[in-house]
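Here are a few notes from my read-through, meant to be followed with the structure open beside you. Have a look at it, then take the points one by one.

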Amino acid sequence: MSENRDPRPRRRRPLRAAVGLLVLLAVVGYFAVQRASNGGGGAPFCVAGADAAGADGASGSYEMSPEQAANAATIAAVGVAKGLPDRAVTIALATAMQESSLRNLDHGDRDSLGLFQQRPSQGWGTPEQITDPVYSAGIFYDHLVDVPGYSRLPLTVAAQKVQRSGFPQAYAKHEPDATVMTAAFAGGGTLDCGGPAPAGPGDAARVRADLVRIFGEDGLHTFAPQAGQAGQAGQAGQAGQAGRNAGSGRGAEGVEITLVEKRDGGEAATRRSRAMAHWAVANAKELGISRVSYAERGWVAGQDRGRWQDKGGTGAKDGDGDPHNAAPGEVRIFMAR
């Protein structure tokens with residue numbers, strides 16, 4: 001009977017393969033176009049990057065959604081604000097990557113919730129507390145530092161002593177990416193976030209409240225938009241700030257929030273400022289942040305494919321002609337309006 005089969009169906013296979021290839025190329029092309037246009041309104045994404053000279057010799061990059069980047073930035077910022085070493089931040093990030101994929105989940109195994117899948121029934125807090133990223137990261141660190149010698153333990157061992165997971169070895173696979181993210185958020189690495197500029201006004205009150213909860217109020221100043229920034233900036237003792245802000249005539253930006261590093265804070269203050277700058281970039285989409293400046297570098301939502309730009313410390317201007325770079329020891333966060 002086999003010799004009587006119609007051979008024509010076999011001829012369709014090359015056609016099907018060709019159609020499948022065309023569909024695949026179309027999908028790849030779509031995402032390539034989206035990625036290429038990210039600076040002007042493509043699909044949002046964030047990339048954490050680290051150089052081998054950075055924290056723990058980390059190198060490489062890790063790509064995230066804005067939601068994941070915002071949660072990772074909060075986890076790292078809480079660790080930095082507590083004065084914990086990079087190793088603690090790496091352990092926390094790897095744990096959250098395994099437990100929730102860096103998403104603030106409202107469900108989980110039994111009553112597990114949040115970034116770290118902490119359980120109210122096991123004394124981690126109320127559901128409302130556990131689903132607050134600042135709280136959940138903070139209580140994770142509080143338990144971690146109670147582990148003797150945690151910074152010298154294998155990551156899986158340290159994480160397991162906090163989490164009591166049924167699959168402790170699962171944390172290990174996230175360590176390389178968590179190390180890259182630690183370098184980006186807490187060390188000398190980079191965080192680039194592309195996507196469109198904010199479509200509506202920024203939530204300055206929420207930004208300030210979140211920053212105070214994480215970093216404290218010390219050194220944090222809020223300025224009114226445009227000319228009002230000049231006088232208050234001078235009162236805060238920021239040399240040169242008034243000249244950069246006065247008469248700027250911003251049409252698209254409102255309140256400015258500025259952190260001034262402690263003059264005698266050393267590396268701890270610098271680390272805190274870097275963490276704040278990258279926290280602002282990671283949260284820009286949700287909170288309506290239009291631009292961030294740190295030292296001589298600047299990030300503008302919807303421009304430069306989401307990358308930080310070196311302003312050279314010479315009063316260089318962005319595309320809208322407005323002075324952008326912060327003074328030494330500053331992080332400047334501008335809200336859309």
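1. Start with helix α5, residues 133–144, in this predicted model.

2. Next, look at how α5 sits in the chain. The helix is mostly covered, with 9 of its 12 residues buried. The buried ones are P133, V134, S136, A137, G138, I139, F140, Y141 and L144. If you're wondering what does the covering, the list includes α2 (66–81), α3 (86–100), α4 (127–130), α6 (155–163) and α8 (204–215).

3. Zoom in on the start of α5. There, D132 has a side-chain oxygen that comes within 3.1 Å of the backbone nitrogen of V134. V134 is also on the buried list.

4. Now for a backbone angle worth checking. L102 lies in the loop between α3 and α4, and its phi is near 60°, which is positive even though the residue isn't glycine. Is L102 buried or exposed? With a relative accessible area of 0%, L102 is buried, because the cut-off for that is under 20%.

5. You'll find R305 in the loop between β7 (297–300) and β8 (309–310). Its phi is near 55°, again a positive value in a residue other than glycine. R305 has 37% relative accessibility, so it counts as partly exposed.

Conventions:
Residues numbered from 1 in each chain as written. Predicted model: local features only at pLDDT ≥ 70, side-chain atom pairs only at ≥ 80, totals over all residues. Heavy atoms only, no water. Helix = DSSP H or I, 4+ residues; strand = E, 2+ residues; numbered from the N terminus. Expected span 1.5 Å × (residues − 1). Buried < 20%, exposed > 50% of the residue type's maximum accessible area, 1.4 Å probe, protein only. Contact = heavy atoms within 4.5 Å. Polar contact = N/O pair within 3.5 Å; in protein donor to acceptor, adjacent residues only side chain to side chain.
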